Amino acid sequence: MVDAGTTAFMLGCAMLVLLMTPGLAFFYGGLSRRKNVVNTMIMTFAALGIVGVVWVVAGWSFAYGGDGSLPFFGGFDQLGLQGLVAAMTSEAPEALSHDAYPVLADVVFQAAFAMITAAIITGAVAGRMKFGALCLFLTAWVMAVYAPLAHMVWGGEGSLIGDVIGALDFAGGDVVHISSGLTGLVLCLLLGKRRGFAVLSYRPHNVPFVALGAALLWFGWFGFNAGSEFAPDGVAALALLNTVAASAAGLLSWMVVERVRVGKATLVGAATGLVAGLVVITPAAGFVEPWAAVVMGLIVSPVCYGAISLLKVKIGYDDALDAFGCHAVGGVTGGILTGLFCVPELSWTDSGGLFYTGDPALLGAQVLGILVTVAFVSVAGLVLGAIVRACFRGSLRVSEEEEAQGLDVAVHGESAYPAYVGLD
């Protein structure tokens with residue numbers, strides 16, 4: 001029987017998560033160069049449009065269709081959401097999700113997750129990737145990478161990572177953040193570096209945009225994490241509180257690191273620390289105590305700061321807006337720390353965190369689940385990238401002239417600041 005309170009809760013959480021993708025557009029747009037802000041933002045909006053269609057057509061079925069017997073894949077039985085409306089009108093049991101609310105609410109909730117995940121990838125390739133190539137890549141990626149990975153983690157009994165390995169991922173450390181950040185790294189390596197990388201200073205062109213985007217992400221993330229309990233109960237409240245605590249600690253920690261490293265705390269840094277704190281708590285939101293959430297937020301900012309400011313420079317990869325440094329690195333950190341701080345009574349498996357039990361079983365499962373995610377996403381991303389590159393005459397990248405002019409005018413024929421006549 002449908003529970004009205006749970007249904008309202010899930011619909012509200014779904015709408016909060018849907019807000020995150022436009023929020024990310026502002027966050028990324030503010031971080032980009034002035035001549036590329038429209039291109040950066042439309043890539044994020046394109047992800048919203050692509051996933052919104054692909055998820056209905058095939059994504060939901062590939063992730064959550066079938067009878068749950070396959071460890072890597074859902075099924076083909078719900079392509080186009082076939083049968084779900086008929087089941088709802090006939091009040092059949094399969095019309096409910098978690099025995100409490102309409103499965104169609106779950107479809108839109110999970111679609112919002114897929115949207116923000118695909119959109120995160122675009123930050124790594126800002127300023128140099130062909131728009132059509134990106135759209136084709138994201139279309140294939142949602143079906144071939146995101147949906148199978150969601151099944152492997154959240155597909156229930158028989159799923160490879162969530163059941164066979166026994167790794168925990170409350171709201172998307174593996175599925176959302178590691179997958180998107182790592183895919184961004186793969187793409188930026190295939191693309192090569194931007195013109196003037198390591199020579200020019202790439203500074204955010206609109207800091208208020210960054211702050212606005214971070215605020216929208218922060219707000220939407222409450223539905224992201226609390227909604228992943230799928231019920232308005234104590235664990236949802238815990239997930240919400242932990243989300244606030246970890247993001248606050250991540251913000252403060254980043255400002256301290258900046259103050260020590262460069263002598264000044266910045267608004268861009270504070271916003272980035274806020275997001276890093278949100279990322280690290282995502283896999284653990286409903287599993288840890290609030291004090292642990294604070295610790296996780298304090299830890300993640302130095303780790304991500306090091307990846308963005310030190311590792312990227314040393315290795316030389318051009319992750320334009322630090323999708324890998326923030327999301328993949330933060331997601332790995334959160335997954336590992338879940339293995340340390342998970343309260344045994346809140347665990348979905350028989351294992352609790354090392355801090356409580358002294359047993360490394362869960363920590364080992366977390367690490368193994370992360371390694372499987374990394375291997376699957378890396379290989380699949382390389383294969384899809386190579387296929388898309390072949391479809392676009394051997395190059396994923398815009399011409400040198402277009403890159404120099406800026407992709408706003410060269411690719412989209414519009415400018416965010418048409419009255420601006422200065423140098424970018």
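Let's start with Ser 180, which sits in helix α7, spanning residues 173-191. Helices here are DSSP runs of H or I with at least four residues, numbered from the N terminus. This is a predicted model, in which local features need pLDDT of at least 70, side-chain atom pairs count only at pLDDT 80 or more, and totals for chains, interfaces and linings use all residues. Residues are numbered from 1 along each chain as its sequence is written, and side-chain values use heavy atoms, with hydrogens and water left out.

**Ser 180**
- Ser 180 is buried, at a relative accessible area of 0%; buried means under 20%, with a 1.4 Å probe and protein chains only.
- Setting aside residues up to four places away in sequence, Ser 180 touches Thr 117, Ile 120, Ile 121, Trp 141 and His 327, where contact means heavy atoms within 4.5 Å.

**Ala 63**
- Ala 63 belongs to helix α2, which covers residues 37-64.
- With 0% relative accessibility, Ala 63 is buried.
- Beyond its neighbours within four places in sequence, Ala 63 contacts Trp 55, Gly 74, Ala 147, Ala 150 and His 151.
- Val 145 is 82 residues from Ala 63 in sequence, and their C-alpha atoms are 9.9 Å apart in space.

**Cysteines**
- A disulfide is a covalent bond between the sulfur atoms of two cysteines.
- The structure has zero disulfides, counted as pairs of cysteine sulfur atoms within 2.5 Å.
- Cys 135 is in no disulfide, and the nearest cysteine sulfur, belonging to Cys 391, is 14 Å away.
- Cys 135 counts as buried at 19% relative accessibility.
- Cys 342 is buried, with a relative accessible area of 0%.

Terms used: Helices (H or I, at least four residues) and strands (E, at least two) are DSSP runs, numbered from the N terminus. Buried means under 20% relative accessible area, exposed over 50%, partly exposed in between (1.4 Å probe, protein chains only).
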